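This report goes through a single chain, from its helix packing to its backbone details. The sequence and coordinates come next.

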Amino acid sequence: MNATKDETVRSPAFRRFRGQPAPTPGSSSGGGTPGTAAEVLPAHTPALFRSAVRQAADLLRAGQVVALPTETVYGLAANALDAEAVARIYEIKGRPAHNPIIVHVAGLEMARRCVATWPPSADKLAAAFWPGPLTLVLPRSKEIPDAVTAGGTTVGVRCPSHPIIQAVIRECGFPLAAPSANPSNRISPTTAEHVRKQLGGKIRCIVDGGPSQVGIESTVLDLTAEPPRVLRPGMIHEGALAAVIGAVRGDARGAPGGETLRSPGLLRRHYAPRAKLVVLSWRDDADLKSQISNLKSQISDCHLIAHSRVPSPKGFGRVSLIPHDPEAFARALYAELHRCDEEGAGWIVVEAPPETPEWTAIQDRLKRAGAT
Ligand code: TXA
Ligand code: MG
């Protein structure tokens, strides 16, 4: 999956990344094709995989934006070293310019080129959790354009484990800037179909890598803070990080206002379905129905996502049961929320998850999805 000599010669961003001369104007075509339906590229056989990776890499080398699967959620990727290509991501997502984008790398060598310093704690964390759902915030290197960092002095880097994005990065030879592939403030996609429905008219290509295995976004850890600080909880929780590097400061839950400076993406309402979302615990069906009537909602307008106490579906718009296990719950959650929206739910009632560290990231996403 390495770039051929010819391809690297064709790639202006690759030359820039290697410290070679800047490209001639016009060599990067600049972006997606609004109004054109995205092509969804299957990748489930070796031949389809190779072809999808090659097509995605060709578009990325030409400065375009493509949707790629990662193990957390699908990402909307562009060449992280090409400010114009990155600008297209903001445009397609409707993302505020002050919100920086994570840079995805194929491995340690590429990660170190994106940052100005690589502390021992980064080495330890990368050895323990990469490739995987952990983003490390570090001082940026000169090669990372302002468009990626939103003008800030740091960059978030992550080495994803999904074989498709790994292969695409290696084929391109440059890192990929990629936020979640959803319109700003909506639910992240965990299937190619979610991307197609939300952004299919604005991009050329979506590579289908199957349902995301993790299902919620990566843990974002700020290594420029002392002690390092969790800016966004994810399935690699605080305790797991602390076991590798010692003291870690907890996440920003409950203090969203104060957090907007450190991690501008952590808006209070985020990851949100169209329906109103509430988290409830109930003893039995009667208790649940009485709590719902307090919401002044029709029961038939409510879609329920339960993991332990399954009520009778009678009267509800839908009742889904997802596993009482944090990993499996996270994997299923966004697909359930997308489905509730598609079916026109007015309210989504989610059964409260346990208050243990393994569920922290899920609690965080539910809180943000339900914020008004
Ligand atoms: O799992 C993930 O992280 C997915 C996949 C595609 O990799 N990406 C993702 O990107 O969730 P996005 O843009 O939807 O969320 C990135 C979060 C935002 O809250 C952003 O503000 C924060 O990370 N972030 C990115 N760079 C940062 C930086 N330099 N300093 C602080 N926060 C940063
Ligand atoms: Mg996002």
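A contact is a pair of heavy atoms within 4.5 Å. Helices (H or I, at least four residues) and strands (E, at least two) are DSSP runs, numbered from the N terminus. Buried means under 20% relative accessible area, exposed over 50%, and partly exposed in between (1.4 Å probe, protein chains only).

This is a predicted model, in which local features need pLDDT of at least 70, side-chain atom pairs count only at pLDDT 80 or more, and totals for chains, interfaces and linings use all residues. Residues are numbered from 1 along each chain as its sequence is written, and side-chain values use heavy atoms, with hydrogens and water left out.

**Confidence**

pLDDT is the predictor's confidence in each residue, from 0 to 100. Its mean over the chain is 88, and 85% of the residues reach 70 or more. Residues 1-34 have pLDDT below 50, and this stretch has 71 contacts in the model beyond near neighbours in sequence. Residues 253-261 also stay under 50, with 11 contacts beyond four places in sequence. Where pLDDT is low, the predicted coordinates should not be read in detail.

**Helix 13**

Helix 13 (residues 326-342) has 17 residues and reaches 25 Å from its first C-alpha to its last, close to the 24 Å expected at 1.5 Å a residue. The expected span is 1.5 Å times one less than the number of residues. At Ala-332 helix 13 bends by about 30 degrees, the bend being the angle between axes fitted to the seven residues ending there and the seven starting there. Just after helix 13, Gly-344 takes a positive phi of about 75 degrees.

**Aromatic pairs**

Rings of Phe, Tyr and Trp (its six-membered ring) pair if their centres lie within 6.5 Å; planes under 30 degrees apart count as stacked, over 60 as edge-to-face and the rest as tilted. The count comes to 2 aromatic pairs.

| Pair | Centre distance | Plane angle | Type |
|---|---|---|---|
| Trp-118 and Trp-130 | 6.0 Å | 45 degrees | tilted |
| Phe-329 and Trp-359 | 5.3 Å | 70 degrees | edge-to-face |

Trp-118 lies in the loop between helix 5 (108-114) and helix 6 (120-129), and Trp-130 in the loop between helix 6 and strand 5 (134-139), 12 residues apart. Both Trp-118 and Trp-130 are buried. Phe-329 is in helix 13 and Trp-359 in the loop between strand 14 (347-351) and helix 14 (360-370), so this pair ties together parts 30 residues apart in sequence. Phe-329 and Trp-359 are buried as well.

**Backbone and other sites**

The peptide bond from Trp-130 to Pro-131 is cis, with omega near -10 degrees. Another cis bond runs from Glu-226 to Pro-227, with omega near -5 degrees; Pro-227 sits in the loop between strand 9 (219-222) and strand 10 (229-232). Asn-185 has a positive phi of about 70 degrees although it is not a glycine, and is partly exposed at 30% relative accessible area.

Ala-78, in strand 3 (residues 75-79), is buried at 0%. Ala-78 and Ala-177 are 99 residues apart in sequence and 5.4 Å apart in space, C-alpha to C-alpha.

Notes. Chains lettered and ligands numbered in written order.
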